[in-house]
Amino acid sequence: MAKYEKDQVLKGKVTGIQPFGAFVALDDETQGLVHISEISHDYVKDVNEYVQVGQEVEVKILDVDEASKKIKLSMKATQEAPKREKSAKPARRGAPRRNEASNFKQEEAPGFTVLKDKLEDWIKNTNFKK
């Protein structure tokens with residue numbers, strides 16, 4: 001394990017595939033895990049769509065844990081991140097902020113005026129007794 005260091009880039013062979021990632025042999029005695037989130041810059045639903053057992057892959061070492069004898073690997077760290085175009089969608093409008101909400105005038109929101117007027121009638125017409 002001492003011969004492997006963080007940020008080292010090397011070739012390895014896929015030895016096993018699980019739903020959470022792929023195991024990659026770095027040599028006859030050492031293997032590491034490429035977590036599903038480190039396989040591609042794209043969303044990976046199924047690891048099998050990106051790698052097969054026996055395939056040679058280029059990986060970058062993210063971490064070497066001597067105590068647990070585990071090596072964390074990344075395939076996407078060896079690939080250039082795709083340039084994403086800015087979305088043409090308009091920005092989402094959420095609820096108005098507190099200071100924006102306080103700027104509303106009743107004449108701008110006639111529905112609230114109707115409710116205010118009706119509220120007095122509803123209170124008079126209730127049969128609620130103390």
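A nonpolar core is a set of buried Ala, Val, Leu, Ile, Met, Phe, Trp, Tyr and Cys residues joined through side-chain atoms within 4.5 Å; buried means under 20% relative accessible area, exposed over 50%, and partly exposed in between (1.4 Å probe, protein chains only). Before you click, know that this is a predicted model, where local features need pLDDT of at least 70 and side-chain atom pairs count only at pLDDT 80 or more, while totals for chains, interfaces and linings use all residues. Residues are numbered from 1 along each chain as its sequence is written, and side-chain values use heavy atoms, with hydrogens and water left out.

**Stop one: the core.** Select Leu26, Val51, Val59 and Leu73: they have the most contacts inside the largest nonpolar core, which has 19 residues. Strand 1 (9-18), strand 2 (21-25), strand 4 and strand 5 each give two or more residues to this core (strands are DSSP runs of E, at least two residues, numbered from the N terminus).

**Stop two: Val51.** Which residues does Val51 touch, leaving aside its neighbours within four places in sequence? Pick out Val14, Ile17, Ala22, Val57 and Met75, which are in contact with Val51 (heavy atoms within 4.5 Å).

Go to Asp7, in the segment before strand 1. Asp7 is not a glycine, yet its phi is positive, about 75°, and at 46% relative accessibility it counts as partly exposed. Now jump to Lys69, in the loop between strand 4 and strand 5. Here phi is near 60°, again positive in a residue other than glycine, and Lys69 counts as exposed at 59% relative accessibility.

Conventions: Helix = DSSP H or I, 4+ residues; strand = E, 2+ residues; numbered from the N terminus.
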